[in-house]
Amino acid sequence: IIVHQTDAPDNDAFTPYEIAQYHVNDNDWAGIGYHYVIVDSGQIYLTQKANKISYHASGSNTNSIGVAITGDHRLNNPSIENEDLISKKEYKSLIYLLAKLKEKYNIPYENIIGHNETTTLKSCPNLNMDVVRKDVKKKILVWNIIRVSGVLLGITFVIYGTRKYLN
């Protein structure tokens with residue numbers, strides 16, 4: 001999974017359609033370069049199926065999923081927290097989507113990277129990707145705790161229910 005930013009202000013009006021128009025008309029690509037786009041409001045858009053090869057990271061397009069967050073986050077201040085660079089809704093949606101994709105496709109955490117961690121010379125997404133990976137791990141840990149708790153709760157109900165019928 002490769003995380004990108006659009007390098008253009010969102011202003012709550014930026015849509016995947018506009019990104020696709022730019023990619024097709026200005027870059028002469030076949031379509032939008034990303035598989036998912038997350039806008040400032042936190043809305044997640046599926047812009048093409050994960051198995052479709054797209055143009056989002058030169059040298060990595062055939063074996064990756066491109067996820068873009070809207071906005072320009074080039075503050076060059078490493079002390080700023082990720083959630084202060086993009087909206088909290090957008091960041092929460094990013095972590096949610098990355099966790100879902102990681103689980104669905106069994107992707108190792110170290111393969112969740114920023115565009116700047118590929119062979120291209122880009123600063124995008126201008127997020128601390130170590131923190132992003134840590135937050136994805138936390139999200140999945142919480143989901144696993146909820147899953148185990150639900151199973152244990154179900155077992156408790158079965159035991160009590162069985163006991164009731166045995167008495």
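Two strands count as paired if DSSP finds at least two bridges between them. Strands (E, at least two residues) and helices (H or I, at least four) are DSSP runs, numbered from the N terminus. This is a predicted model, in which local features need pLDDT of at least 70 and side-chain atom pairs count only at pLDDT 80 or more, while totals for chains, interfaces and linings use all residues. Residues are numbered from 1 along each chain as its sequence is written, and side-chain values use heavy atoms, with hydrogens and water left out.

## The sheet

The model holds an open sheet of 5 strands in the order β3-β2-β4-β1-β5, with mixed pairing. The edges are taken by β3 (44-46) and β5; each has a single partner strand, so one side of each is left without a neighbour in the sheet.

Strand β1 (residues 2-5) pairs with β4 (residues 66-69) in the parallel sense, over 4 bridges. Within that pairing, I2 has G66 of β4 as its bridge partner. Strand β1 also runs parallel to β5 (residues 113-114), to which 2 bridges join it. Here V3 stands opposite G114. Strand β4 is in turn joined by 3 bridges to β2 (residues 36-38), again in parallel, and Y36 faces V67 across this pairing.

In a regular strand the side chains alternate between the two faces of the sheet. In β1, I2 and H4 are on one side, V3 and Q5 are on the other, and all of these are buried, which leaves both faces of the strand covered. Buried means under 20% relative accessible area, exposed means over 50%, and partly exposed lies in between (1.4 Å probe, protein chains only).

H115 lies in the loop between β5 and α4 and is buried, at a relative accessible area of 7%. Its side chain is joined to that of H4 by a polar contact of 3.2 Å. A polar contact is a pair of N or O atoms within 3.5 Å; within protein, one must be able to donate a hydrogen and the other to accept it, and residues adjacent in sequence count only if both atoms are side-chain atoms.

## Salt bridges

A salt bridge is a side-chain nitrogen of Lys or Arg within 4 Å of a carboxyl oxygen of Asp or Glu. The whole structure contains 3 of them.

R133 forms one with E117, with the closest N and O atoms 3.1 Å apart. This pair links distant parts of the chain: R133 belongs to helix α4 (residues 129-166), E117 to the loop between β5 and α4, and 16 residues separate them. R133 counts as buried at 11% relative accessibility, whereas E117 is partly exposed at 37%.

R133 also meets D130 in a salt bridge, at 2.8 Å from N to O. These two residues are 3 apart in helix α4, which puts about one helical turn between them. D130 is exposed, with a relative accessible area of 55%.

The remaining pair is D135 and K138, whose closest N and O atoms are 3.6 Å apart. Both lie in helix α4, 3 residues apart, about one turn of the helix. D135 is buried at 15% relative accessibility, and K138 is partly exposed at 45%. Salt bridges with shared partners join E117, D130 and R133 into one network.

## Pockets

On a 1 Å grid over the protein atoms alone, a pocket is an open set of points where a 1.4 Å probe fits, with protein on both sides within 12 Å along at least five of seven lines; lining residues have an atom within 4 Å of a point. Grid points are joined across faces, edges and corners, and a volume is the space filled by probe spheres set on the points.

| Pocket | Volume | Lining | Nearest the centre |
|---|---|---|---|
| Largest | about 470 Å³ | 22 residues | Q5, T6, H23, Y34, K122 |

The lining of the largest pocket takes at least two residues from each of β1 and α1 (16-25). Its largest share, 4 residues, comes from α1.

For the classes, Ala, Val, Leu, Ile, Met, Phe, Trp, Tyr, Cys and Pro count as nonpolar, Asp, Glu, Lys and Arg as charged, and the others, Gly among them, as polar. The lining of the largest pocket has 8 nonpolar, 10 polar and 4 charged residues. In the second largest pocket, the lining has 8 nonpolar, 7 polar and 1 charged.
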